[in-house]
Structure formats: structure tokens, C-alpha cells
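Morning, everyone. I'll take a few minutes on one structure, starting with a single residue and its surroundings.

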Amino acid sequence: MAIGRNVNTRRLFIGCMGAVYVCAFASLYVQIPGLYGTQGLTPVHNVITTERYKDLTWRQVWHEFVNNPTLLVGTYWAGLNPAEGMELCCLVGVAFGFAVATFDMFCTAPVMLILWLLYLSVYKVGQVFLWFQWDILLLEAGFLSVLLAPLRPGGSGSHDGLMMWLVRWLLFRLMFASGIVKLTSQCPTWWGLTALNYHYESQCIPTPIAWYAHQLPEWFQKICVVGTYYIEILTPLMFFAPLRSLRLFSFVCQIIFQGSIILTGNYNFFNLLTIVLTISLLDDQLLTGVKAQKTSVKIANYLFGYHGSTLTSLLRKLAGLLAIVITLYYTAHYFNLQVKTDPAVIMSSVAFSKEQFSRAVTMGVYVTTVMGMVSLAVEIIYSFIMSFNEPRPLNKVISFAHCSWSSAIAIILFSVSLVSHGVLDHSFYHSLPANIRSVKQSLDPYELTHSYGLFRRMTGVGGRPEVIIEGANEIDGDWKEYNFWYKPGNVSSAPPFVAPHQPRLDWQMWFATLGNYQHDPWIIHLMYRLLIGQKEVLQLIAPPPFSKPPLYMRANLFHYHYTWYNFSESLFSQLGGWWKREYIKEYVPVITWNTPSVEQFLNGHNYLSGNRFNGVHSDMEDLLLWIRKSTAQLMTPTSLIISILCTSLLVHITKRCIWNR
């Protein structure tokens, strides 16, 4: 990919990263009181006690920050408790994210560094409600954005392509690992190509379209699983192809794939972030149609797969088409695709053994590592070539210096990422030099690189597990259910559209069904807070079925299934609603708020420790309280996020109209 000329591509990527930060910060902000407040489910003051920093020297505070990098260490001097510090971080993050997404002058490395530090700060104290792969993916992509963004507005350099290459490598690791782990997990549904038979109803928070997707015939679901393997395992290999047409083809495949996920599942900002990462596959020629004019640039672009003579261009396109046909052919071969005419279906099955796939993974990890090394070496050489294209000697020296440190950073980050990439194969992982693993370990506090692997195993094969919390005023009385805003509960309620907001309590309720309350003690704390009518926690769920808190509470485990479409009736004639369910077992026995065993359990997990902050009341605290109340009364979290993004888009359109006059 051409390096020195992709200014617009870089601007688009940085601006979109700002929009993703807006989604992440705004979504988390509205949930902080109920999740992390002094009376929240996982009080943040149990993780970080800012008051103790008042007796430390600045050097000691810096040492604490290096070991546990979070800006919340400074909230004590602002007169805020840690939860209010999280709110402040989120508000500042929303403001800077909006500025980056809207105005070019804010698309700089210092601003992107602030955004990365803010999100790292809340992640470090976020506990179980921030332990998601998209949170660490945002941190890794955010750090690369710091390296990619210019130091000053409008700046650019010949080393920009190196940082964009790292973004592409991150996208590759994300997609390639997500495809590989589905088969290395030995999950029978992924091997049997039946995973989508269960996915649409068992995913954390489905959309209404997921109900209709679930009705599709099994042969089509299997073809979609094959398509998933093709897009996640094979097309990422095209990310580093010297042929531009292959990179653009892989881009289109990724966009279609992510778009289908957005339509059928509420995965907050994750799919938007993945789409932003695919911008690294584009270039300014596609975005603006402008071709480089300088001779040195033309030569470099010719060598690295860009426009040349008409005949050469035609040959490259034919080569790209041939490569696509070959990948499709082998996909059809190894998944035994057969077209049947009576009835008209496409049959599919896995045509390779687990041992064969294991050997292929071992070879694939080594081959992709070498591919990455060669591709990175080409980008480094190219960047140095472009550095000597500067018009003045001093500029050449400065550009050469930039390329030198950028190359060093790229090599270090690539080497460290091999530890995460090597998790796919144990032999490769253990063959890595010990000093690389040591460097990776030393950088772990900053969340610079991670291993990924989404939907490793398909859950909910026997039915979607759901924990239903119930309350009653008499132990043998009328038990009423507590419903949540987004997760399934009432069988007659349609699945919602909630992305790009992530209701983190609803998500963790899904994960809680995979274990028990001893493994997820916060669920007992949730029930306790509902029993005492804690306002901050009640705001995280739908309106309760009681005018005042009940005396008793329990939780049961159900299995939910989609109803089937009745083809003989109208389109919306589901059999009894969107869901049907069956009782499985008791999840939490009957409890009351003053049961000694409950208080002992909660004290054992430090949930009832109360507010440890004894700082001085400040005007900032009053301001945060006013903003919190105003936001809660304004609109829903999803509407709030979309309104901010639409405002940014409207400003862009207005600026474009003014400039075109």
C-alpha cells in the first residue's frame, strides 16, 4: 500500500476512532452510578482507594501509576470519589471523541493519547463489567491511533504507512484468530456447520431480525457458517497481498460480514470498531480518485501493486480474480459443497479431519508470521524510500529520523504481538524467544496487545439459558418477575435494537447463566440492592413490578427458545410471542435483605464496605451531579449516542456545503 499519500485514509481512520470512543465513553457513563458507585454492584472504591494518595510524594504517585496506569489516582485532589472520577473521565472522553470525529484540528497524537489514557483508566478499575474483548481491542487500536495521528494538525510523514500497517496487522490477528478458534475449540456445532442453528437465539442480546434469521432453512445456515470461515480465515490473508484488488475484495467481504452481524446482534461498538479497522485496507486513490504525480511515487506504486500501464493493470486485475477463484474453489472442496436440484439446496459438510486441521493451523501460524515479517519489511523499505522524496535536505533528515523510530516501534509491537498470535499454536508459542515473551509481559499493564477469539464455542445448544429474578411479599405468595431493559425475559417482548450502546449488566447476566452465583457473586449483590430499593441499581433495569421493594427474592434458571414462524398466518403471527421457555432449576434460593448469611456473603466480597472517600466537597462534584441528572432525563442511552454521532455528521455536512460554495 502506498504510504506517503494516504492522508485522507488516515484522517478517516482517526475521525472514526473518535466516533468509536464517543460510543464507548457515553455508553459506560450512564451506567457508572449503578455499576461502580458507592452503592453500586461492584463499587470502584474497592479497587482503588484514592484517599491514600494524599500522603504520597509525586514520585510515589508516579510509581503507582506506572504499575497500575489509571488517571483515577488524581481524583482525590479534585475532590471526587473514584466513581465520580470515572464519570469525569467518560465526559471528557465523549467531548474529545466528538472533537476528533468532527474537527480536523483535533486529529492529533496528543488528543488521541488523552483518549487512550482515559479509556485505559476506566478499564483498569472496571472489574467484571469491563472484561470484554472489544474493550481491550479498543485500547490496542487506540494506542495505534496515537502512533498514527500527526503531532500537529494537518501534519503527515513518510512513516504513516508503517503505523497503518500495524492497524492492518491487528485486524488480521482479530479475524484470523476468530476463525481458527472456532475449529480448534472442538465445538461440535462449528465442526458440524450447525452453529447458526443456535447462534441467533443464544447470543447475548439479539435483534428482532435475529428471530427471522433463525427461521432460515438449515442448509442455508450451514452455507453461512462456511462463509464465516471463508471471511475470517482466508480473506484476511489478502490483507497483505501486493494486488490492490485483493485488498479491496477482502474489505468488501469484511463490511458485508460485519453488517450482517450488526443487523442480527447487538454487539455495541465492537462491529463499528472492526469496520474502522478495515479502513487500513483502503487508500486515497479509492477515497478521492487522485493519483500520485511524482516520478518516485509512481515507481514505488508500480512496484507495490498500484496503477501502471493499461496492460499491467489488466494483468493485475486478472491475477486478483484468479486468486479469488482459487480460494473459493478450495473452500468449496474442503467443505464439500454440492448443489442439489430436487429440492434446490446447497449441501455442505467438513471434508477434513481434526488432525489435518491441527497440522494446517501449525503451518498457518508460521506462514502468516513470515508473511507479516516480509510485509512489514517491505513497508519499512518503502517508508525510507519515501523519506528521501522530501524537497529539502533538512526535511529529508527529519523524515529519515521519523522513519527510523517508527520502524523501531513497528518492529517491537509486531514482535510482541507474535506472543498473542502464537496462542493459536502451542509449538509456535513455545518456540518464541523468551525475551519477546518477557517484553510482552512487561507491557501487559498498558494493554498494548492481546489474543482474540470470538464465539469460540457455541452456547445455548439445548436452549438459551436465562436467569429470571423474582420478588414476593410472602414466601408462598405471588412471585413477580423483574424484567431488564434489553435481555430476554417476558416471552412476548420483541428483542430490541440497542447498539452502539452496551448495557453491561444485561450482558453479564448472560454470562452468569454459564456458571453459578458463587462464581458471579455480584448477582447476589444485585438482588440485595433490589430488596432495599437502591435507586442507582434500579435505573439499570426496567421498572420493577412492585411499588415498594418486596420482602423476598429468588432467581430461577430457564431455557428460552425462539418461537417458529407460522407460514399459514400473517407475518407477525408468532406462536405465543417471540419466545417460549422452560423451567430448569433454582439458581438462587429465597433470600431477604437482612438474612445473616446474605450479609456475610456480601461482606466477604467487600460489597457492603460503604463509601471510603472523605475528601472535601467540590464544585466539580455538583457539576457532575447536575450533568448526571440532566442526562438521565434527556433520552435513552442509545438515543444519546446516536444524537451525538448525528450532530458530528451534521457539522461535517455543513462544513462541506460551506466549502463548496
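**Glu232 and its partners**

Start at Glu232. Setting aside neighbours within four places in sequence, Glu232 is in contact with Met175, Phe176, Ser178, Gly179, Lys182 and Phe257; contact means heavy atoms within 4.5 Å.

A word on the source. This is a predicted model, where local features need pLDDT of at least 70, side-chain atom pairs count only at pLDDT 80 or more, and totals for chains, interfaces and linings use all residues. Residues are numbered from 1 along each chain as its sequence is written, and side-chain values use heavy atoms, with hydrogens and water left out.

Where does Glu232 sit? In helix α11, residues 218-234. Helices here are DSSP runs (H or I, at least four residues), and strands are too (E, at least two), numbered from the N terminus.

Now one of those contacts, Lys182. Lys182 forms a salt bridge with Glu232, with the closest N and O atoms 3.1 Å apart. The term means a side-chain nitrogen of Lys or Arg within 4 Å of a carboxyl oxygen of Asp or Glu. Lys182 lies in helix α7 and Glu232 in helix α11, so the pair ties together parts 50 residues apart in sequence.

Buried or exposed? Lys182 is buried, at 2% relative accessible area. Glu232 is buried as well, at 5%. The cut-offs: buried is under 20%, exposed over 50%, partly exposed in between (1.4 Å probe, protein chains only).

In total, the structure holds 15 salt bridges. Another one joins Lys487 and Glu466, 2.8 Å from N to O. Lys487 is buried at 7%, and Glu466 at 1%. Salt bridges with shared partners link Arg464, Glu466 and Lys487 into one network.
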